[in-house]
Amino acid sequence: MIAHAANPPLAPQDRSAETYAKVADELVRPIEDKELLSTELPSEDSGTTMTKEESIAYLKDNPAEFERLLGNFLRQGNADALKDLLPVYEQVPNYDPSVVDWGNAIIAAKSGNLDEAVRRYREINAKLPEVQILRFQLAMALFYNRQFVAAESEFERLRAEAKTEADVKVINNYIDAINKQGSWDFNGSVSYMDDSNITNAPEQGTRLDLGNGSALTYNSPRESGKGLNFSFYGDKKWLNDNKIFTAVHLNTYGKYYWDNKAYNDITAGIGAGVGYQNAITEVELVPFYNKRWYAQGANGDGDLKSYTDTTGVRVVLSQFLSPKLRYQGLASYSKSDYIDRYAFNDGNDLLFSNTAVYFPNGQQFLTFGLDYATKSSDDESQAFDRPGIRVGWGQTWPKGYTTQLNLGYAERNYDGEDFFGIERENKEYTAGIRAWNRAFSVLGLTPKVSWNYSKVTSNSPFEEYDKNDVSFELTKAF
């Protein structure tokens, strides 16, 4: 099973506090005034210009200067010159295929074949991730191909290692233009699950000492299941007066077990927000409503039924403190109403999530997070406080391989005694790693493989468990 931060709880007794701080980059409105956006980073301007005829004549007499000239044209994005010179260059013994691939990406972009350009840019960028102007051209191709989420990610990484203030200004202009757009932004993922402990139950045979020589033994076998874990998000933003925006956010996520349908679980929701944004700051206020359907586990008949209605409001903030350091914050308050059978779970949830993202360079990022969640409930044994800490490391490796490592620790302390007279104090440990290749896709979907480990220790032996999950996931942003 893959652990999505936005996954719903699996059963009332296992309800987890939301720890997800999604600050979506909703990108809308048709691109205007394209000519106002620079096609070069100022620090990369070579100042070298040659006519086509002069270039060809010079190359015939001075082949040693060939690659230097092509380098100038690659930086300038000079598609016309590259069309003429690349066939000549391919006749040179031991020519560099990367130069040809890069040039063909430029030619494809300038001819309007942006899908092809993006594909070629991604392939060459996977081979040469340290070349800043190449990544800048990739970001531009993504931008004009209206792949705004991917484009903004590339521009933010470029800004983290920009050489000059002039470069930062150019990059900020693109990010501002992205934030002025007005189309729907969709992204989703589907992963395969093989969960050996759906309800996070203790091992069979676990004993609880009741004193006076008596004890209780947990004899139920763990629930297992194979299926799909899915999530889908759609966002749209309308910009007003270039700074203020309104937005709509749609989401659905859940789990479908084809061999244990009693634990199928689906949530769908909608939010409407108003906010402020520029190239450095984005803040949004979002009232929201979520509806959850759950098959009710061992107490159900395997069919999905209405389970919980949740209404609330959240405030999200994204702030670049410097080109290399970004802060993301979330404050969320919600009220959940369960069906009559589980009305004892009715209560309020409060979450504060804080994440710092540091970009040492364009090939890696580091994250550090502090969270605090609290849940009230009509049944005090279900109410808790949960402080937590998270760290993460993302790295792009040669040939386009990317890995992301996450570690987490939290303490969940309940307000009241459970059925066994224990006021539970749980310690939660998580670890996970994901890996994928940026240059590889299947039908436009990016395959990712993940491993996740979770462990809970507690003063109640019935709360303790640990498990490993390996999943294969397909993701798409469009």
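Which residue follows α2, and is its phi positive or negative? The tour of this predicted model returns to that point after a view of the whole chain.

**Whole chain.** Select the protein chain and display its secondary structure: eight helices and 16 strands are present. Of its 478 residues, 46% count as buried. Contacts with a separation of 6 or more are drawn to the extent of 60% from residues 24 or more positions apart. The chain exposes about 22,400 Å², and carbon and sulfur atoms supply 54% of that area.

**Confidence.** Colour the chain by pLDDT next. The mean is 84, and 86% of the residues reach 70 or more. Where pLDDT is low, the predicted coordinates should not be read in detail.

**Helix α2.** Select residues 66-76, which form helix α2. Show the side chains of F66, L69, L70, F73 and L74, which are among the buried residues of this helix; G71 and N72 are buried as well. An α-helix has 3.6 residues a turn, so residues three or four places apart point the same way. Move on to G77, the residue that follows α2: its phi is positive, near 65°.

**Strand β1.** Select residues 185-195, strand β1, and centre the view on F186 within the strand. The relative accessible area of F186 is 25%, and this residue is therefore partly exposed.

Note on methods
Residues numbered from 1 in each chain as written. Predicted model: local features only at pLDDT ≥ 70, side-chain atom pairs only at ≥ 80, totals over all residues. Heavy atoms only, no water. Buried < 20%, exposed > 50% of the residue type's maximum accessible area, 1.4 Å probe, protein only. Helix = DSSP H or I, 4+ residues; strand = E, 2+ residues; numbered from the N terminus. Contact = heavy atoms within 4.5 Å. Areas by Shrake-Rupley, 256 points an atom, 1.4 Å probe, with all protein chains shown as cover. pLDDT = per-residue confidence, 0-100.
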